[in-house]
Amino acid sequence: MLDAAVIVAGGGAKRLGGIDKALLTFDGRSLLDGVLSAVGDVVTVVVGPRRSTPRPVLHVTENPPGSGPAAGIAAGIRALVSEAPAARVVAVLAADLPGISVDSINRLCAELDESGAPGAIFTDLAGHEQWLTAVWQLQALTSVLETRPSWVGASVRSLLAMPGIRLVTGSAVETADIDTPSDIESWPGLRTDSQMQNGESGPAVGG
């Protein structure tokens, strides 16, 4: 059962012209709100700029800001340990996952519980690990964090690729993220705030 979540919602989205991916709208809500819905009502840390959310969350920023997703995950986990020291299982997710769902998270939690692994992560249909679509034993993450004094500039793989993790094949929908204009084109319902206000059908973005 999921106890907590860390949602990584920073990054400049340079390939998308600098738009805030977390605030892209799909099915009438922001991508960030969709990820919050998928994890349910658990203690949640959102790493990145402060944004309005439908329920209370703890906002933190990596130090220094913009120092990379691994540093963001580290900041989120440390904040989570302080906020919810009894938490055992934590989801670590990107904020730009339009197809993630409650069922997705439940399936990862079931794999984690049944395997006893330190983490359960989705792979896409080509077998590539989706490091920011995963659930973890919180103790495993805190142990890894202690192996380096700083995670500034480090890769997500260097932080999360620990022995014994459980790889779970995800669907094309639940492993999709939004990094490029072509990713947006594959989700026709995605819109920016300005296009929502103007009644336009999809985002015109480029990088």
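# Chat on a predicted model

Student: Where does H59 lie?
Tutor: H59 lies in strand β5, and since this is a predicted model, that placement, like the values that follow, is computed from predicted coordinates.

Student: Is H59 buried or exposed?
Tutor: H59 has a relative accessibility of 17%, so it counts as buried, the cut-off for that class being under 20%.

Student: And how far is H59 from V45?
Tutor: The C-alpha atoms of H59 and V45 are separated by 5.9 Å, although the two residues stand 14 residues apart along the chain.

Student: What about α2 itself, how many residues does it have?
Tutor: Helix α2 covers residues 69-83, which makes 15 residues, and from its first C-alpha to its last it reaches 21 Å, close to the 21 Å expected at 1.5 Å a residue.

Student: Which residues of α2 are buried?
Tutor: The buried residues of α2 are A70, A71, G72, I73, A74, A75, G76, I77, A79 and L80.

Student: Which members of the largest nonpolar core touch the most other members?
Tutor: That core has 61 residues, and those touching the most other members are L2, I73, I77, V90, V135 and W136; of these, I73 and I77 belong to the buried residues of α2. Apart from it lies another core, of nine residues, among them I19, F26, I178 and W187.

Student: Now aromatics, how many pairs does the structure hold?
Tutor: The structure holds one aromatic pair. It is formed by F26 and W187, whose ring centres are 5.2 Å apart and whose planes stand at 85°, so the pair is edge-to-face.

Student: Where do F26 and W187 sit in the chain?
Tutor: F26 is in strand β2 (residues 25-26) and W187 in the loop between α6 and α7 (193-198), so that the pair links distant parts of the chain, 161 residues apart. F26 is buried at 17% relative accessibility, and W187 is buried as well, with a relative accessible area of 14%.

Student: What sits over the ring of W151?
Tutor: The charged end of R148 sits over that ring, 4.6 Å from the centre.

Student: Back to backbone angles, what is phi of D27?
Tutor: Phi of D27 is near 55°, a positive value in a residue other than glycine. Most residues other than glycine have a negative phi. D27 is placed in the loop between β2 and β3 (29-30), and at 67% relative accessibility D27 counts as exposed.

Student: Salt bridges next, how many are there?
Tutor: The count comes to six salt bridges. In one of them K21 pairs with D96, the closest N and O atoms being 2.9 Å apart. K21 lies in the loop between β1 (4-8) and β2, and D96 in the loop between β6 (89-94) and α3 (102-115), so the pair ties together parts that are 75 residues apart in sequence. Both K21 and D96 are buried.

Student: What about E174 and R107?
Tutor: Their side chains meet in a salt bridge at 2.1 Å, N to O. E174 lies in the loop between β9 and α6 while R107 is in helix α3, so this pair ties together parts 67 residues apart in sequence. E174 counts as buried at 9% relative accessibility, whereas R107 counts as partly exposed at 32%.

Student: And which residue does E129 pair with?
Tutor: E129 forms a salt bridge with R157, with the closest N and O atoms 3.4 Å apart. Since E129 lies in strand β8 (residues 129-137) and R157 in helix α5 (residues 156-160), the pair ties together parts that are 28 residues apart in sequence. E129 counts as partly exposed at 27% relative accessibility, and R157 also counts as partly exposed, at 45%.

Student: Which residues do shared partners join into one network?
Tutor: Salt bridges that share partners join K21, D96 and D179 into one network.

Student: Last one, where is T180, and what does its side chain contact?
Tutor: T180 lies in the loop between β9 (166-169) and α6 (181-185), and its side chain makes a polar contact of 2.9 Å with the side chain of S182. T180 is buried, with a relative accessible area of 18%.

Definitions and conventions:
Residues numbered from 1 in each chain as written. Predicted model: local features only at pLDDT ≥ 70, side-chain atom pairs only at ≥ 80, totals over all residues. Heavy atoms only, no water. Helix = DSSP H or I, 4+ residues; strand = E, 2+ residues; numbered from the N terminus. Expected span 1.5 Å × (residues − 1). Buried < 20%, exposed > 50% of the residue type's maximum accessible area, 1.4 Å probe, protein only. Polar contact = N/O pair within 3.5 Å; in protein donor to acceptor, adjacent residues only side chain to side chain. Phe/Tyr/Trp six-rings, centres within 6.5 Å; stacked < 30°, edge-to-face > 60°. Lys NZ or Arg CZ within 6 Å of the ring centre and 35° of its normal. Core = buried A, V, L, I, M, F, W, Y, C linked by side-chain atoms within 4.5 Å. Salt bridge = Lys/Arg side-chain N within 4 Å of Asp/Glu carboxyl O.
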